[in-house]
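Please keep the sequence and the structure in view while reading.

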Amino acid sequence: MATSDDINNLLEHWMDVKTQLSELELSLTKYKKLAAKIMTKNDTTTLRSDKYVLQQRNMSKKTLSKDDVPKEIWNKYAKTTTYTAYYLSKK
C-alpha cells in the first residue's frame, strides 16, 4: 500500500513534469510562429537544413455539435469513446 510520502512524492513529481510540459509547449508555439514567419517571407511551406525538414501542412477536420442536429440523429450516429483522464491541481 502506498504511504502518504509515496503519494506526496508522486504528485510532486507529476506537478513538476506538468509544469515543464507547459513551458515546453510555450517554447514550441514560439518556434512554430517563427517558422511560419520565415516560410511566409520565403513563400514556401518547407524549411530544410542538413539534418531536418520542416513541412507546413494545412489540415482540416469535420465536427458535428450535438446542438446542430436533431436528438434522434445524434443518438443514432454519435460514437462514444471512453478514456481515463487525470486532473492535478494545487490546493
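Which residues line the largest pocket? The lining consists of N8, L11, E12, M15, D16, L88, S89, K90 and K91. The model is predicted, so local features require pLDDT of at least 70 and side-chain atom pairs pLDDT 80 or more, while totals for chains, interfaces and linings use all residues. Residues are numbered from 1 along each chain, and side-chain values use heavy atoms, without hydrogens and water.

A pocket is an open set of points on a 1 Å grid where a 1.4 Å probe fits, with protein on both sides within 12 Å along at least five of seven lines; lining residues have an atom within 4 Å of a point. The largest pocket holds about 230 Å³ of space, and its lining comprises three nonpolar, two polar and four charged residues.

L11 also belongs to a nonpolar surface patch of about 500 Å², together with I7, L10, W14 and Y86. In such a patch, residues have over 30% relative accessible area and no salt bridge, and nonpolar side chains are joined within 5 Å.

| Residue | Relative accessible area | Class |
|---|---|---|
| L11 | 36% | partly exposed |
| K18 | 35% | partly exposed |
| D43 | 72% | exposed |

L11 lies in helix α1, residues 4–41, and K18 is in helix α1 as well. The C-alpha atoms of K18 and S89 are separated by 9.9 Å, although these residues are 71 apart along the chain.

D43 is located in the loop between α1 and β1 (46–48). D43 is not a glycine, yet it has a positive phi of about 50 degrees. Most residues other than glycine have a negative phi.

Definitions and conventions:
Points joined across faces, edges and corners; volume = space filled by probe spheres on them. Nonpolar A, V, L, I, M, F, W, Y, C, P; charged D, E, K, R; others polar. Patch = residues over 30% accessible without salt bridge, like charges linked within 9 Å, V, L, I, M, F, W, Y side chains within 5 Å. Areas by Shrake-Rupley, 256 points an atom, 1.4 Å probe, with all protein chains shown as cover. Salt bridge = Lys/Arg side-chain N within 4 Å of Asp/Glu carboxyl O. Helix = DSSP H or I, 4+ residues; strand = E, 2+ residues; numbered from the N terminus. Buried < 20%, exposed > 50% of the residue type's maximum accessible area, 1.4 Å probe, protein only.
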